[in-house]
Amino acid sequence: MSLKILCAGGSKEDKEAAENAVRDGIGSRPARESWTVSLVKLGRQWSVTLDGPDKGSPRSTFMVPEGRLREAISESLGQSAGAPAAGPASPAPVTGSPVRSSVSGGQRRNSYQCQKCGKGFLVSYEMEPGESEETVPAACPHCWQIEQVKVGMSAAVNNDYRVDKA
């Protein structure tokens with residue numbers, strides 16, 4: 001099995017413990033499988049995105065308290081394999097879908113409409129070929145309402161996206 005762990009936030013010790021928890025939580029998988037796990041430390045929680053062998057959208061994205069990382073990953077994988085739905089909480093849904101999208105090379109620019117004030121805003125970010133998307137918060141530049149939008153995984157992990165008035 002190929003496993004790539006992307007980890008942002010927290011101390012060196014936090015990152016090491018999280019990486020070990022990910023390895024334990026995923027367990028042994030078939031050699032042909034390739035996994036990418038994105039971890040972002042937010043206070044005393046981890047934002048986790050598991051991308052498995054299916055190259056579509058992320059298999060699972062969720063928030064988990066720092067002490068339950070291994071169990072939450074195991075539950076998530078068991079849940080996707082048909083176990084009862086008693087896993088971690090789902091993230092906030094995307095509150096808007098792009099009204100328009102434009103692509104220039106790896107640069108993406110999605111146009112959204114704010115759910116509160118109705119005015120348009122743009123979300124710009126870089127996206128690698130074949131990269132999955134992640135849901136992130138974006139403040140409407142007109143009224144500061146927090147909307148949930150999608151950006152490329154690396155832009156989400158690095159907070160490397162921009163929100164502008166349309």
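Reply: Helices (H or I, at least four residues) and strands (E, at least two) are DSSP runs, numbered from the N terminus. N110 lies in strand β6, which covers residues 107–113. This is a predicted model, in which local features need pLDDT of at least 70, side-chain atom pairs count only at pLDDT 80 or more, and totals for chains, interfaces and linings use all residues. Residues are numbered from 1 along each chain as its sequence is written, and side-chain values use heavy atoms, with hydrogens and water left out.

Me: Is N110 buried or exposed, and which side chain does N110 join in a polar contact?

Reply: Buried means under 20% relative accessible area, exposed over 50%, and partly exposed in between (1.4 Å probe, protein chains only). N110 counts as buried because its relative accessibility is 4%. A polar contact is a pair of N or O atoms within 3.5 Å; within protein, one must be able to donate a hydrogen and the other to accept it, and residues adjacent in sequence count only if both atoms are side-chain atoms. The N110 side chain forms such a contact, of 3.3 Å, with that of Y125.

Me: How many disulfides does the structure hold?

Reply: A disulfide is a covalent bond between the sulfur atoms of two cysteines; the criterion here is a pair of cysteine sulfur atoms within 2.5 Å. The structure holds zero. C140 is buried at 0% relative accessible area, and its sulfur is too far for a bond because the closest cysteine sulfur, in C117, is 3.8 Å away.
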